[in-house]
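Me: I have a model open and want to talk it through. Can you go over it with me, piece by piece?

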Amino acid sequence: MIIRPRRLRKTESIRNLICETKLTPSMLVYPIFVREGKNIIEDIPAMPGQKRYSPDNLNLILDRVNKNKIGGVLLFGIPDENKKDEIGSASWDENGPVQQAIKFIKREYPEIIIFADVCLCEYTNHGHCGVINKFNHEIENDPTLEFLTRSAVSYAQAGADVVAPSDMMDGHTKAIREGLDKNNFYNTLICSYAVKYASGFYGPFREAAGSAPSFGDRKTYQMDIRNSREALREAFLDVEEGADIIIIKPGISYLDILKTVREKILIPIASYQVSGEYSMIKAAGLKGWIDEKKIISETAISIARAGADIIITYFANELAELIHEGGL
């Protein structure tokens, strides 16, 4: 005898009660581009609906984030072009755009958790994530660790709750943990981009942040899109070095990687739905080719269903509003 499961005609309330995957605003993190200067609000052409803000104008987006009870924000700094150099020294300037933004948020929105991205690409005059060997133009891994640590400590001093190294240098988590502890920032968390693929989905971000490499690419230090077992090796290394959270990036094209890592790693995992994923959905939505709200919801649910505890997404506000309205 074959017993078939009943397919009930469920009301919306029943569906919400028994659904297997649930999203909450508190699991969302909203990325924000912080531009050096004052009274700045700039549209980002490659990312319709997203903007660059100077620290003094952050309230224009943070009011919405706060109202929606989103879990946190992830800050990316954009310095003046004349402050970029070979080692990204503007990233640890105590008066840099991210440091100013952190202090502003801590003062005006103390309930919002602050993630500060730690990388040199926005701050270097060559656009790479590490120090460049002048003779062969290769990335020098170990010398880069010192500068990443300086940046992380600077963000912690400004008040960041979480530092998020996205550079993909070997040993960055260990170096940053030691640097934070040496400066008595024992409670500052590290959310490491442990599994970051050399993806084509980052294009709009590089326009937004002014961080496109001036030569070559980042395939020598980001992960090969053809590899999956490597993701576990990278994740285990960062956990062993002291990561409190790890990030898998990009999002919807790497759900298999997310699920594989989730099955082996016990600490919280974040998935980053990156700029290219955002821009594709926005472009199709603006053309009327898709129901944008449905696709925003469906992609976020797919990421959570694959095992993400945290979703970093430019759609955080839209998702939170859908949740509050009962539409998700």
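Predicted model: local features only at pLDDT ≥ 70, side-chain atom pairs only at ≥ 80, totals over all residues.

Me: Fine. Is Y254 buried or exposed, then?

Reply: Buried. Its relative accessibility is 9%, and the cut-off for buried is under 20%.

Me: Which residue does Y254 form an aromatic pair with?

Reply: Y197. The two rings are stacked, 4.6 Å centre to centre, with 25 degrees between the planes.

Me: Why quote both a distance and an angle?

Reply: Because a pair of aromatic rings is described by the distance of the centres and the angle of the planes.

Me: And what does the pair of Y197 and Y254 tie together?

Reply: Two loops. Y197 is in the loop between strand 9 (189-196) and helix 6 (203-209), while Y254 is in the loop between strand 10 (245-249) and helix 8 (255-264), so the contact ties together parts that are 57 residues apart in sequence. Y197 is buried too, at 0% relative accessible area.

Me: How many aromatic pairs does the count come to?

Reply: Eleven. Ring pairs also link up a cluster: F33, F76, Y193, F205, Y272, Y278, Y314 and F315.

Me: Where does the charged end of K196 sit?

Reply: Over the ring of Y193, 5.5 Å from the ring centre. The charged end of K196 also sits over the ring of Y202, there at 5.9 Å from the centre.

Me: Let's do strands. How many residues of strand 10 are buried?

Reply: Five of five, so strand 10 is largely enclosed by the rest of the structure. Both faces are covered. I245, I247 and K249 are on one side, I246 and I248 on the other.

Me: Which strands pair with strand 10?

Reply: Strand 9 pairs with it in the parallel sense over four bridges. V195 has I248 as its bridge partner there. Strand 11 (residues 269-273) also pairs with strand 10 in the parallel sense, over three bridges. In that pairing, I246 stands opposite I269.

Me: And strand 9, how covered is that?

Reply: Mostly. Seven of its eight residues are buried. Strand 8 (residues 162-165) runs parallel to strand 9, and two bridges join them. V162 is opposite L189 there.

Me: What joins K249 and P250?

Reply: A cis peptide bond, with omega about -5 degrees. P250 is in the loop between strand 10 and helix 8.

Me: Which residues other than glycine have a positive phi?

Reply: K69 is one, with phi near 60 degrees. K69 lies in the loop between helix 2 (59-67) and strand 4 (72-78), and is exposed at 60% relative accessibility. N184 is another, with phi about 70 degrees. That residue is in the loop between helix 5 (172-182) and strand 9, and is exposed at 55%.

Me: Switching to pockets. What is the volume of the largest pocket?

Reply: About 370 Å³. The lining has 13 residues, and N16, C19, T21, I301 and L328 lie nearest the centre.

Me: Which helices supply at least two residues of that lining?

Reply: Helix 1 (12-18) and helix 10 (292-306). By type, the lining of the largest pocket holds four nonpolar, five polar and four charged residues.

Me: Last one. Where is T260?

Reply: In helix 8. T260 is partly exposed, at 34% relative accessibility. From T260 to K219 is 22 Å, C-alpha to C-alpha, and they are 41 residues apart in sequence.

Technical notes. Residues numbered from 1 in each chain as written. Heavy atoms only, no water. 1 Å grid on protein atoms, 1.4 Å probe; cavity = no way out; pocket = protein on both sides within 12 Å on 5 of 7 lines; lining within 4 Å. Points joined across faces, edges and corners; volume = space filled by probe spheres on them. Nonpolar A, V, L, I, M, F, W, Y, C, P; charged D, E, K, R; others polar. Phe/Tyr/Trp six-rings, centres within 6.5 Å; stacked < 30°, edge-to-face > 60°. Buried < 20%, exposed > 50% of the residue type's maximum accessible area, 1.4 Å probe, protein only. Lys NZ or Arg CZ within 6 Å of the ring centre and 35° of its normal. Pairing = 2+ DSSP bridges.
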